[in-house]
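This briefing is meant to be read beside the sequence and the coordinates. It goes from the overall architecture to individual residues.

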Amino acid sequence: MTALQTPARPGRLSLALRDSSTMVRRNLLHARRYPSLTLNLLLTPVMLLLLFVYVFGDVMSAGLGGGGRSAYVAYLVPGLLLMTIGSTAIGTAVSVSMDMTEGIVSRFRTMAIHRGSVLVGHVVGSVLKAVLSVVVVGAVAVAIGFRSTDATALEWLAAFGLLVLFATALTWIAVGMGLGAPNAEAASNNATPLILLPLLSSAFVPVDGMPGWFRPVAEYQPFTPAIETLRGLLLGSEIGHNGWLALGWCVALTVLGYFWSTASFARDPK
C-alpha cells in the first residue's frame, strides 16, 4: 500500500499573485458599485476640453501661430489626457483613505493574505481605471476633431506605454497620500496638486509664452515633459530632452510612492 501524499502547498509567489488578483477585482467592483466619484473626476478634463475648444479655441489658436480651432484641439488633447490620469489618482487617494478609516484594512491584517496585495490591488485597479478614463476622454477628443498626424504603430505603442507608466507613478503617489490622510476629505485635499499641476504646465499654452520667472517651474515639473513627449509621439513635434525627463520623473515618482506607501502601510494602526 502506498503512503498517502499530502498535496503540495502553493508557493509564496503564487499566493501573492492570487491575493493581489482578488484585491484588484475588489477594487474594480467597488468602482462599479459606486461610480459617482469616478464620473465626477472624469467630468473635469472633459469639461475643460469642451470649454477650451469651443469657447477659447479660436483665441488660443492665435497664440500658436494660427490654424484655427482644429490646431488648438491637437495641441490641447495630450495635456488633457495626462490631466485625466491626475484626476483619476485623486479617486485613488480617497479610496485608500476610506479603506484605512472604515476598518476593512484592519480586518485584512488579521487574515491569512499577502499584506502587499492590498496595495497592489489599489494600484493595478487604479491604473486600469486611469487607462479606461483616458480612452473615454480620447474618444471625446476624436469626436470633436482631434486627429493624430502620421504617428506610426511604434509611436502609438510608445504613447500608450508613457500613459501607463505615468499612471503608475501618480497612482503610487496617490496611495501614499491616502495612507497618510486621517479621512477621505483630507486625502482628496492632499491629492489636489495632481490636478492643479497640469494647469501650470504646457497643457494649455506653450511654456515659451509664460513669464520668465515662472518658466523653469512649468518646464521642469512632472507634467510638462510628459505632455511634450506625448505631443511629439502623436503629432510629430520635437521631443528633445523631454522624453528622458518624462521617463526620469515617472521612475522617480514610482520609487518614491512605492517606498512611501509601503512604509506607511507597514506601520501598526493607532
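The points below are grouped by topic, beginning with the fold as a whole.

The model is a predicted one. Its protein has 12 helices and 0 strands, and of its 270 residues 44% are buried. Taken along the principal axes, the C-alpha atoms fill a box of roughly 85 × 45 × 35 Å.

**Overall architecture**

- Read from one end of the sequence to the other, the pattern is α-α-α-α-α-α-α-α-α-α-α-α, in keeping with the count of 12 helices and 0 strands.
- Among contacts between residues at least 6 apart in sequence, 80% join residues that are at least 24 apart.
- The accessible surface comes to about 14200 Å², and carbon and sulfur atoms account for 67% of that area.

**Annotated transmembrane regions**

- The unreviewed UniProt entry carries the annotation "transmembrane region" for residues 34-56, 76-98, 119-144, 156-179, 191-207 and 243-261.
- In the model, residues 119-144 are 96% helix and 0% strand, with the end C-alpha atoms 37 Å apart.
- Residues 156-179 are 100% helix and 0% strand, and here the end C-alpha atoms lie 35 Å apart.

**Helix 12 and the nonpolar patch**

- Helix 12 has 25 residues and reaches 36 Å from its first C-alpha to its last, which is close to the 36 Å expected at 1.5 Å a residue.
- A nonpolar surface patch of about 710 Å² is made by Leu 165, Trp 244, Leu 247, Val 251, Val 255, Tyr 258 and Phe 259, and its largest share, 6 residues, comes from helix 12, which spans residues 242-266.
- The buried residues of helix 12 are Asn 242, Ala 246, Cys 250, Leu 253, Thr 254, Gly 257, Ser 261, Ser 264 and Phe 265.
- An α-helix has 3.6 residues a turn, so residues three or four places apart point the same way.

**Salt bridges**

- Side chains of opposite charge can pair when their charged atoms come close; the count of salt bridges in this model comes to 2.
- In one of them the side chains of Arg 26 and Asp 99 meet at 2.9 Å, N to O; Arg 26 lies in helix 1 (residues 12-33) and Asp 99 in helix 4 (residues 68-101), so the pair ties together parts that are 73 residues apart in sequence.
- Arg 26 is partly exposed, with a relative accessible area of 25%, whereas Asp 99 is buried, with a relative accessible area of 7%.
- The side chains of Arg 231 and Glu 228 also meet in a salt bridge, at 2.8 Å from N to O; both residues lie in helix 11 (residues 223-235), 3 residues apart, about one turn of the helix.
- Both Arg 231 and Glu 228 are buried.

- Pro 225 has its place in helix 11 and counts as buried, because its relative accessibility is 0%.
- Leaving aside neighbours within four places in sequence, Pro 225 is in contact with Glu 219, Asn 242, Leu 245, Ala 246 and Trp 249; among these partners, Asn 242 and Ala 246 are buried residues of helix 12.
- Pro 225 and Arg 69 are 156 residues apart in sequence, and their C-alpha atoms are 24 Å apart in space.
- His 241 lies in the loop between helix 11 and helix 12 and is partly exposed, with a relative accessible area of 41%.
- With neighbours within four places in sequence again set aside, His 241 is in contact with Glu 219 and Tyr 220; its C-alpha atom is separated by 9.7 Å from that of Glu 228, which is 13 residues away along the chain.

**Asp 58 in helix 3**

- Asp 58 lies in helix 3, residues 57-62, and is partly exposed, with a relative accessible area of 47%.
- Not counting residues up to four places away in sequence, Asp 58 touches Gly 68 and Arg 69.
- Asp 58 and Thr 192 are 134 residues apart in sequence and 30 Å apart in space, C-alpha to C-alpha.

Notes: Residues are numbered from 1 along each chain as its sequence is written. This is a predicted model: local features need pLDDT of at least 70, side-chain atom pairs count only at pLDDT 80 or more; totals for chains, interfaces and linings use all residues. Side-chain values use heavy atoms; hydrogens and water are left out. Patches are made of residues with over 30% relative accessible area and no salt bridge: like charges are joined within 9 Å, nonpolar side chains (Val, Leu, Ile, Met, Phe, Trp, Tyr) within 5 Å. Accessible areas come from the Shrake-Rupley method with a 1.4 Å probe; for residues, only the protein chains shown count as cover. A salt bridge is a side-chain nitrogen of Lys or Arg within 4 Å of a carboxyl oxygen of Asp or Glu. Helices (H or I, at least four residues) and strands (E, at least two) are DSSP runs, numbered from the N terminus. Buried means under 20% relative accessible area, exposed over 50%, partly exposed in between (1.4 Å probe, protein chains only). Contact means heavy atoms within 4.5 Å. The expected span of a helix is 1.5 Å times one less than its number of residues. UniProt positions are given in the numbering used here, feature names are shortened, and annotations may be inferred rather than shown by experiment.
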